[in-house]
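Here is a short report on one protein chain. Take a look at the sequence and the model before reading on.

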Amino acid sequence: TTLNLGTTNVKEEGAAHLAEALKFNVTLSTLKLCNNHLKDSGFSLIADVLKVNASLTELDLGDNIVTSEGIACLAEALKTNATLLELSLWKNAVQDQGVTHLAEALKINSTLTLLDLSNNGVTAHGATRMIEASATHSSLTVLDLTMNDIKGESISFLAEALKGNSSLRSLYLAENDVKDDGAVQIAEALK
């Protein structure tokens with residue numbers, strides 16, 4: 001069962017009521033709350049749901065107004081959640097600090113297969129943390145880092161992390177400033 005509440009102006013009050021209902025719901029597998037201007041407090045409510053809900057497998061929280069504070073709550077919930085397979089956080093303000101929280105959660109979570117962090121201000125250092133975490137987290141196979149701030153000499157760290165990763169099947173780096181040097185480093189890592 002899917003509930004798509006994307007672009008419906010659901011704010012914290014609506015999120016609170018949804019969160020309370022989802023603690024008891026056993027049929028909803030997909031929840032889309034994208035483009036609702038949810039803030040950290042709304043993410044905290046949804047994170048509480050992930051700690052107890054055993055039916056959600058896909059969660060789209062893209063295009064909201066979350067910072068690393070809300071991501072920290074979500075990451076804590078991922079440490080105990082055993083059902084979520086796909087998490088979309090595109091177009092928020094996750095940045096490297098939020099990625100650090102998610103990377104720590106991935107070391108424990110064993111079910112997440114797809115993580116969309118596109119358009120979040122993530123640098124190559126944050127991307128490297130995610131790739132390193134996914135190397136020990138064999139279920140994460142898709143990592144979307146499209147349209148972030150991955151560029152320059154720091155791509156060498158990302159390329160080095162790729163060498164030790166055998167679980168990622170899809171890594172999206174489109175619309176980053178990789179350039180020729182970065183492409184060469186990534187190519188070397190793939191050998």
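## Burial and surface

In this predicted model, 50% of the 191 residues of the chain count as buried. The chain exposes about 8,800 Å². Carbon and sulfur atoms supply 52% of that area.

## Overall fold

The chain has seven helices and seven strands. Read along the sequence, they follow the pattern β-α-β-α-β-α-β-α-β-α-β-α-β-α. The radius of gyration is 16 Å, close to the 16 Å that the globule rule gives for 191 residues, so the chain is as compact as a globular protein of that length.

Along the principal axes, the C-alpha atoms fill a box of roughly 50 × 30 × 25 Å.

## Helices H5 and H6

Two packed helices are described by the angle between their axes and the distance between the axes. Helix H5 covers residues 124-136, and helix H6 covers residues 155-163. Their axes come within 8 Å and cross at roughly 10 degrees. Angles under 35 degrees count as roughly parallel, so H5 and H6 are roughly parallel to each other.

Which residues of H5 meet H6? They are Ala-124, His-125, Ala-127, Thr-128, Ile-131 and Glu-132. On the H6 side, the partners are Ile-155, Phe-157, Leu-158, Ala-161 and Leu-162. The residues of this contact divide into eight nonpolar, two polar and one charged.

## An exposed phenylalanine

Phe-24 lies in the loop between helix H1 (12-22) and strand E2 (30-32). Is Phe-24 buried or exposed? Its relative accessible area is 64%. Exposed means over 50%, so Phe-24 is exposed.

Phe-24 and Ala-54 are 30 residues apart in sequence. In space, they are 9.2 Å apart, C-alpha to C-alpha.

## Positive phi angles

Gln-95 lies in helix H4, which covers residues 95-106. Phi of Gln-95 is near 50 degrees, a positive value in a residue other than glycine. Gln-95 is partly exposed, with a relative accessible area of 45%.

Asn-119 sits in the loop between strand E5 (114-116) and H5. Phi of Asn-119 is near 55 degrees, a positive value in a residue other than glycine. Asn-119 is partly exposed, with a relative accessible area of 28%.

Key:
Residues are numbered from 1 along each chain as its sequence is written. This is a predicted model: local features need pLDDT of at least 70, side-chain atom pairs count only at pLDDT 80 or more; totals for chains, interfaces and linings use all residues. Side-chain values use heavy atoms; hydrogens and water are left out. Axes are lines fitted to C-alpha atoms, for helices over the stretch in contact, and angles run from 0 to 180 degrees between N-to-C directions. Helices (H or I, at least four residues) and strands (E, at least two) are DSSP runs, numbered from the N terminus. Angles under 35 degrees count as roughly parallel, over 145 as roughly antiparallel, 65 to 115 as roughly perpendicular and the rest as oblique. Contact means heavy atoms within 4.5 Å. Ala, Val, Leu, Ile, Met, Phe, Trp, Tyr, Cys and Pro count as nonpolar, Asp, Glu, Lys and Arg as charged, and the others, Gly among them, as polar. The radius of gyration is taken over C-alpha atoms; the globule rule is 2.2 Å times the number of residues to the power 0.38. Buried means under 20% relative accessible area, exposed over 50%, partly exposed in between (1.4 Å probe, protein chains only). Accessible areas come from the Shrake-Rupley method with a 1.4 Å probe; for residues, only the protein chains shown count as cover.
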